[in-house]
Number of protein chains: 2
Amino acid sequence: MILKGTVIWTPELGRVEVREGAYLVADGETVRGVFDELPADCVGQPVADYGDALVIPAFTDAHVHAPQFLNAGIGMDEELLPWLNHHTFPLEARFADPAFADRAYRAFLNALWEAGTLRFCAFATVHAEATWHLMRLAEDAGFSGLVGKVNMDRNAPDELREDTVASLAQTEMLAQRSREELRRIGFIATPRFVPACTPELMEGLGRLVETYQLPVQSHVDENRSEVALVRELHPDAPSYAHVYDAFGLMPARRTVLAHAIWLTGPEVDLLREKHVLVAHSPQSNANLTSGIMPLRRWLDAGIACAVASDVAGGSDVALSRHVACAVRTSKLRQVACAEERAASVPEALYLATKAPGGFAGFSQPSGSFEPGYRCDALVIGDERTAELDALLARTPLERLEHFIYTGDDRAIRARYAGGTLMPRPF
Amino acid sequence: MILKGTVIWTPELGRVEVREGAYLVADGETVRGVFDELPADCVGQPVADYGDALVIPAFTDAHVHAPQFLNAGIGMDEELLPWLNHHTFPLEARFADPAFADRAYRAFLNALWEAGTLRFCAFATVHAEATWHLMRLAEDAGFSGLVGKVNMDRNAPDELREDTVASLAQTEMLAQRSREELRRIGFIATPRFVPACTPELMEGLGRLVETYQLPVQSHVDENRSEVALVRELHPDAPSYAHVYDAFGLMPARRTVLAHAIWLTGPEVDLLREKHVLVAHSPQSNANLTSGIMPLRRWLDAGIACAVASDVAGGSDVALSRHVACAVRTSKLRQVACAEERAASVPEALYLATKAPGGFAGFSQPSGSFEPGYRCDALVIGDERTAELDALLARTPLERLEHFIYTGDDRAIRARYAGGTLMPRPF
């Protein structure tokens with residue numbers, strides 16, 4: 001694959017590379033590099049020439065609830081715990097029906113594709129069959145990523161509360177089967193969150209994580225009432241995050257924890273030591289009246305962070321919207337505390353591309369155009385704004401910023417997954 | 001005009017009316033009412049039947065900078081004062097060129113139309129010719145609203161700093177000419193903000209406001225560095241807002257002031273007494289690191305508020321996005337202070353429809369479907385989500401919320417301005 005355009009990527013937090021009229025070359029699924037001149041062995045090969053359109057890494061969503069896509073932008077006048085009970089759980093219960101799950105997951109994957117999110121860590125539901133169906137659909141459509149069957153055996157409505165033994169058996173079955181049958185979509189252990197998992201369930205999951213060397217995803221310190229509930233349930237644990245660790249659910253470099261707004265000092269140390277990837281979902285955190293995660297403080301403390309949608313706590317699928325939201329909420333933190341310097345657009349873009357794409361739970365990194373990365377790319381070139389771009393002589397970075405703040409799927413001209421042009425899934 | 005659909009409107013803050021299978025009837029430009037049965041004299045008249053699509057009042061943007069539309073989503077990594085100098089002023093200077101202004105304002109009006117904003121209070125630039133052109137274009141396209149030539153004669157770059165006498169003469173010319181030649185677009189006095197206007201200019205503008213009974217729009221208490229600058233320039237004034245009042249620039253019921261984040265107690269009293277409409281632009285206030293206006297506190301204090309885009313401090317034109325943003329930022333205030341109860345979606349929708357549409361500076365109210373209101377309406381029915389709406393049996397209010405949070409111009413099937421189907425302007 002050879003793409004020509006204005007190639008932009010963020011090799012590290014705060015650094016952005018811009019190469020106009022450059023060639024992005026992939027060997028098979030993997031990036032060889034970005035070149036100002038076509039390498040000798042590529043001369044004569046077909047080049048997809050996108051003129052001065054932007055070529056950027058595709059987005060990776062480090063935290064998204066696939067079934068909840070259907071509830072995006074619904075029930076937002078409630079806080080986390082009532083919202084779960086009134087909106088989220090009733091919807092998730094419907095995924096016991098395979099036909100419903102099929103329609104819902106096809107719609108979800110189409111929406112991800114539209115938004116340019118070609119890799120993800122997704123929560124499914126407790127239903128093994130529907131979860132497997134999502135994994136199969138995503139694999140066949142060309143996405144890469146991780147999908148987890150949710151585990152929950154307490155504090156859940158009857159129709160979603162699992163038998164502990166059955167929950168573990170189904171989890172193990174999916175871990176095995178996905179390893180045998182899938183290549184790009186992996187399985188990730190997914191205890192919903194501490195309030196919904198008994199110690200027995202967490203202990204059993206911890207054993208599976210060890211046995212199969214699984215990655216893990218869950219939630220931590222999202223909402224103050226949730227934190228209080230965890231303290232009630234586990235009065236002897238030093239903190240919410242320590243509960244996961246105590247049960248073997250925080251494997252080093254293979255753990256994603258969403259939200260992390262109310263971390264205590266010892267939790268900050270724990271997450272840094274375990275190289276946990278914190279999925280920061282500022283839009284969701286506002287929607288559910290949770291708060292603003294102190295992004296700059298966690299970054300300065302050495303915690304790895306990513307910007308994620310948390311659909312349907314987040315109402316937008318498109319990570320560009322969440323990048324803009326992360327910049328905005330970081331500015332609101334700065335208003336309250338000048339030391340918490342706001343995030344810039346290039347910083348936040350890194351947090352939605354290389355930071356999550358490089359999560360070690362994936363078999364190959366994505367989200368950058370460095371050699372060895374999976375070649376997942378978007379071509380950004382909005383015909384609707386091309387005239388104004390020219391009138392104003394916008395720079396490539398201004399065009400990128402304009403896309404982040406105001407663009408939508410209509411501005412994405414092409415999507416490449418693993419070096420291949422990716423068609424609409426369904 | 002007779003529209004049939006699921007008619008929804010917000011007659012007062014926090015109250016929402018939903019009438020399924022109802023008829024919205026207008027006599028000429030004006031709403032007669034919403035009826036469950038077609039009134040006798042309407043039987044046999046053509047009905048635009050939109051099935052179960054939503055019919056809601058069109059949006060009114062109480063604060064938008066028309067020239068800055070071209071900079072939406074550009075330069076957002078800077079705060080207010082440097083952003084003005086590096087991005088806003090250089091762009092506005094180009095409106096000295098009528099050909100540039102023509103292209104820019106056509107693009108702006110197309111964008112408003114797409115977003116369903118059919119009425120607005122807009123800042124233009126200092127240029128009288130380009131301002132008049134915007135007024136003419138907007139009138140001919142079918143919008144209603146107010147447009148102001150910006151006045152600024154200090155703290156501005158050379159190419160935008162006006163001669164005081166000339167600035168006043170051009171303002172008076174536009175006030176007269178618009179009254180003679182336009183019907184739906186009025187002129188509004190538009191001192192940019194206190195830092196950019198000498199006392200002589202403000203005094204002269206105050207006289208014009210009195211003579212022509214003009215409405216007034218400006219900015220107040222947006223950013224702490226701006227507030228400090230005003231205190232330096234007017235050390236004897238009791239507050240920033242009192243400067244406007246002292247110069248006759250706060251006529252009762254005819255004044256729109258944007259932002260009002262950092263109001264002092266006496267300013268709250270002044271704005272309430274003068275029935276000032278506060279344009280609340282939470283997205284802009286985050287983008288420019290200004291802060292979060294305490295919406296609930298100002299509402300509880302009896303201040304009239306509206307949700308506004310403040311393009312290009314705000315990066316989205318669509319007021320639906322700002323409605324969602326106002327709800328989110330009010331939730332973030334609630335996290336910090338439980339007494340500041342968050343705004344609900346119906347409350348915030350009222351703030352983007354009836355509250356600004358009913359501003360007394362307009363010749364006829366809009367933004368509600370009560371008798372006597374100008375009949376500005378949107379038909380919301382997204383074919384892309386219709387299948388999911390049916391699958392989930394979404395209620396009308398859920399479909400409305402879904403549009404507010406996730407919809408865009410593709411979800412707006414039709415726009416009616418003054419009882420007439422409004423085509424794309426250009």
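Trainee: What makes helix α15 of chain B largely enclosed by the rest of the structure?

Mentor: Buried means under 20% relative accessible area, exposed over 50% and partly exposed in between, with a 1.4 Å probe and protein chains only. In helix α15 (residues 396-406) of chain B, 8 of the 11 residues are buried, so the helix is largely enclosed. They are P396(B), R399(B), L400(B), E401(B), H402(B), F403(B), I404(B) and Y405(B). This is a predicted model, in which local features need pLDDT of at least 70, side-chain atom pairs count only at pLDDT 80 or more, and totals for chains, interfaces and linings use all residues. Residues are numbered from 1 along each chain as its sequence is written, chains are lettered from A and ligands numbered from 1 in the order in which they are written, and side-chain values use heavy atoms, with hydrogens and water left out.

Trainee: How do you know that the radius of gyration of chain A agrees with that of a compact globule?

Mentor: The radius is taken over C-alpha atoms, and the globule rule is 2.2 Å times the number of residues to the power 0.38. For 426 residues a compact globule would have a radius near 22 Å; chain A has 21 Å, therefore the two agree. The C-alpha atoms of chain A fill a box of roughly 60 × 50 × 35 Å along the principal axes.

Trainee: How many residues of chain A count as buried?

Mentor: Of its 426 residues, 66% do.

Trainee: What share of the contacts in chain A between residues at least 6 apart in sequence joins residues at least 24 apart?

Mentor: With contact meaning heavy atoms within 4.5 Å, the share is 75%.

Notes. Helices (H or I, at least four residues) and strands (E, at least two) are DSSP runs, numbered from the N terminus.
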